[in-house]
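Please look at the structure first.

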Amino acid sequence: MIIPKSPKLTDAQVKEIHSIVEDFACSIQVIEGAGQNVYAIVGDERHELMINRLEGLEYVDRVDTIQSPHKLLDIRSELKHHRVLFGGVELGKELLLIGGHCTVDPNEPNKFFETADALKDVGVQALRGGVWKPRTNPYSYQGDVKALDILMEASRRTGLPVNAEVMEEQHLDIALDAGVHMLQVGTRNALNYSLLRQIGKKISGRDTVVLLKRGRHLGPVNEFISAAEYIVNFGNPNVILCPRGTLPGLEGYRNHPDESITPLLKEKTWAPVVVDPSHSVGKSTYVEACSMAAVAYGADGLCIESNIDPMGGLGDDPKQAITPEAFGRLAKKCRAIWDLRRS
Ligand code: PEP
Ligand code: MN
């Protein structure tokens with residue numbers, strides 16, 4: 001990682017460092033941070049001669065060789081100064097609350113609009129809604145692109161940004177063209193490096209945010225962080241880690257709640273953590289307790305399935321969505337825990 005003395009290198013300087021690292025079969029990836037660019041060395045950065053030549057340049061402050069499996073996401077990386085912004089919230093400064101249906105019903109636009117309005121009224125800063133759905137059973141409803149228009153219309157009406165899951169390159173293009181603000185990578189695609197690569201490349205230079213869910217089969221924490229770093233490696237550092245429960249599940253729960261890995265993630269990486277209690281516990285009556293625990297463990301935000309009519313919803317909503325009223329109560333308690341954390 002090359003840290004320049006100035007916030008940004010000139011084109012000629014970038015060209016010069018490129019030609020040096022190429023001699024050692026490496027390349028340079030520019031990472032644009034809020035106030036400072038850093039220049040990641042992609043490849044084996046341990047060549048002493050290469051480091052000496054780079055450190056010899058008058059415009060280079062230092063070369064950090066973090067031999068970490070996820071050097072860009074590492075807590076010691078210069079990117080720790082990067083701030084992820086979403087829904088008018090600077091992650092880490094205020095609790096981010098995302099809410100909405102598991103799956104947007106293409107035949108019931110008003111249900112989504114009413115849910116969106118009610119969530120906005122209780123202080124939710126961003127909406128979620130599944131357009132394309134990964135399912136446990138391949139013959140279950142898989143989603144409908146018509147739902148995307150409903151999601152974007154809800155965003156226009158409320159002024160809130162939206163999150164939607166993408167599962168393949170075609171979804172990605174459609175979602176980005178429509179203006180989806182946060183792309184969700186679901187637990188089943190957590191290690192789909194081809195998808196992560198496509199996302200990383202396509203969001204480079206945009207302010208799109210990625211919510212990366214943790215792999216559900218007890219995904220090792222380093223693997224989770226490395227997958228997030230792979231997205232960042234293409235130039236956009238707006239990535240958020242999302243614990244959402246792992247398998248095998250705790251008896252009586254949909255998954256094994258894993259909000260407790262947040263302090264561990266925080267120790268290793270600078271990336272914000274937004275916990276999904278809905279898929280973690282899988283039962284609406286347990287969502288509030290899991291949310292409070294997540295905030296107590298240090299989460300920067302929560303992504304919660306919510307519906308004005310859970311029983312009439314699609315996908316997971318009948319079993320795990322909470323009503324906007326319940327969301328309002330939960331928000332109050334979680335914000336109180338957030339304040340306690342700061343006291
Ligand atoms: C969802 O958010 O509705 C979803 C399917 O999430 P996960 O990938 O965590 O199961
Ligand atoms: Mn769901």
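In this predicted model, an oxygen atom of ligand 1 lies 2.8 Å from an N or O atom in the side chain of Lys213; a polar contact is a pair of N or O atoms within 3.5 Å. Local features need pLDDT of at least 70 and side-chain atom pairs pLDDT 80 or more, while totals for chains, interfaces and linings use all residues; side-chain values use heavy atoms, without hydrogens and water. Residues are numbered from 1 along each chain as its sequence is written, with chains lettered from A and ligands numbered from 1 in the order in which they are written.

**Ligand 1**

- The side chain of Arg244 has an N or O atom 2.6 Å from an oxygen atom of ligand 1.
- For Glu305, a polar side-chain atom is 3.1 Å from an oxygen atom of ligand 1.
- Of the 300 Å² of accessible area that ligand 1 has on its own, the protein covers 98% (Shrake-Rupley method, 1.4 Å probe).
- The residues around ligand 1 (a heavy atom within 4 Å) include Cys102, Arg128, Lys133, Glu165, Gln184 and His279.
- By class, seven charged, four polar and one nonpolar residue make up this shell; Asp, Glu, Lys and Arg count as charged, Ala, Val, Leu, Ile, Met, Phe, Trp, Tyr, Cys and Pro as nonpolar, and the others, Gly among them, as polar.

**Manganese ion (ligand 2)**

- Cys102 (SG), His279 (NE2), Glu305 (OE) and Asp316 (OD) are the protein donors of the manganese ion, at 2.1 to 2.5 Å; donors are N, O and S atoms within 2.8 Å of the metal (3.2 Å for Na, K and Ca), and sites may look incomplete because water is not among the atoms.
- Cys102, in the loop between strand S7 (96–100) and helix H3 (109–121), and His279, in helix H9 (residues 277–281), are 177 residues apart and link distant parts of the chain; helices (H or I, at least four residues) and strands (E, at least two) are DSSP runs, numbered from the N terminus.
- The spacing of the donor residues in sequence is C-x176-H-x25-E-x10-D.

**Backbone**

- Leu247 and Pro248 are joined by a cis peptide bond, with omega about 0 degrees.
- Pro248 is in the loop between strand S12 (239–242) and helix H8 (262–268).
- Ala25 is not a glycine, yet its phi is positive, about 60 degrees.
- The loop between helix H1 (11–22) and strand S2 (27–32) holds Ala25.

Methods
Polar contact = N/O pair within 3.5 Å; in protein donor to acceptor, adjacent residues only side chain to side chain.
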